[in-house]
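Good morning, colleagues. I would like to take a few minutes to go through the model now coming up on the screen.

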Amino acid sequence: MTGETSPSLLYLWDKRTIYLGPLFEPVQLSVGAATLVISLGEPISFITKEMNQEVFCHSLLLPAGLSANVDTKDAAVANVSLDALGGDFYALSKRMQHSQGKAAYGIDDEEKYIREFKKLQSQNMNSQQAYDLTDTLLNCDEDNYNIDVRVVKVVEYIKKTVDDNLSVEDLASRVNLSVPRLIQLFKQQTGVPMRRYRLWHRLYVTAVKMGQGESLTHAALSAGFTDSSHFSHTFRGMIGMTPSAIFAQPNQLKIIVSDN
């Protein structure tokens with residue numbers, strides 16, 4: 001069963017997002033944040049440019065920026081966009097049993113992840129309940145993971161000024177770094193260039209505004225996209241499908257926005 005009788009769910013938090021439901025078509029992911037995909041049904045398959053043939057699995061971990069073709073075979077999935085600063089990915093990568101290049105698959109205690117995400121899918125949890133379940137399940141607090149506070153500040157500036165395209169020179173000056181050094185540190189910490197992260201965050205803001213009742217077009221403009229074509233092109237480039245495949249899917253889509 002692919003879950004057509006119940007709506008797909010999109011939980012949006014500042015640190016992570018989770019999509020629960022079928023994807024209906026193969027996708028080419030090249031996302032702005034590391035992603036954990038858990039199949040809640042039959043195995044999914046993936047292949048990257050580094051691979052000679054596709055691999056089938058129930059759990060897949062992709063670093064930010066890696067392009068991968070993923071076919072969920074119409075199975076419902078939990079697609080978790082992890083924290084931008086890399087802590088989740090660092091912790092989860094140590095739990096994966098296999099790897100193909102930069103992609104990893106087969107997480108330890110896989111059945112637990114499937115069981116808990118099925119619970120999240122079926123129990124109509126509010127934002128806080130869903131976040132607590134996810135945070136406990138991922139268990140990604142890592143004392144030995146280093147986060148550069150200057151990159152943290154730049155991420156905060158980007159989030160606070162989503163409708164204002166601050167230049168890299170401006171951002172660098174705010175954290176007392178040269179432009180080349182900031183570019184280097186940002187890519188090391190997040191896995192993606194600043195421009196790509198900014199676009200990824202604008203996709204997130206668009207979804208939040210839609211969850212608050214705005215139309216897709218108005219939400220995209222409010223999030224800093226120049227027009228609906230710019231939004232659709234960015235969405236397709238990062239998610240691997242058109243916005244309508246998610247937001248106008250036959251399952252319908254319920255967007256749950258954090259109260260915080």
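Let me begin with Asp170 and Arg174, which both lie in helix α5, four residues apart, or about one turn of the helix. Please bear in mind that this is a predicted model. In general, an α-helix has 3.6 residues a turn, so residues three or four places apart point the same way. Asp170 and Arg174 form a salt bridge, with 3.0 Å between the closest N and O atoms. Asp170 is partly exposed, at a relative accessible area of 25%, and Arg174 is likewise partly exposed, at 37%.

Eight salt bridges are counted in the model. One of particular interest for this talk joins Asp88 to Arg16, the closest N and O atoms being 2.6 Å apart. Asp88 belongs to helix α1 and Arg16 to the loop between β1 and β2, so this pair ties together parts that are 72 residues apart in sequence. Both of these residues are buried. Arg16, Asp88 and Asp135 are linked in a network of salt bridges.

I turn now to helix α4, residues 149–160. Which residues of α4 are buried? They are Val151, Val154, Val155 and Ile158. Viewed down the axis of α4, these buried residues fall within an arc of 100°, so they line one face of the helix. They pack against α5, α6 and α7. On the other side of α4, Val149 and Lys160 are exposed.

Thank you for your attention.

Notes. Residues numbered from 1 in each chain as written. Predicted model: local features only at pLDDT ≥ 70, side-chain atom pairs only at ≥ 80, totals over all residues. Heavy atoms only, no water. Buried < 20%, exposed > 50% of the residue type's maximum accessible area, 1.4 Å probe, protein only. Helix = DSSP H or I, 4+ residues; strand = E, 2+ residues; numbered from the N terminus. Arc of directions from axis to C-beta. Contact = heavy atoms within 4.5 Å. Salt bridge = Lys/Arg side-chain N within 4 Å of Asp/Glu carboxyl O.
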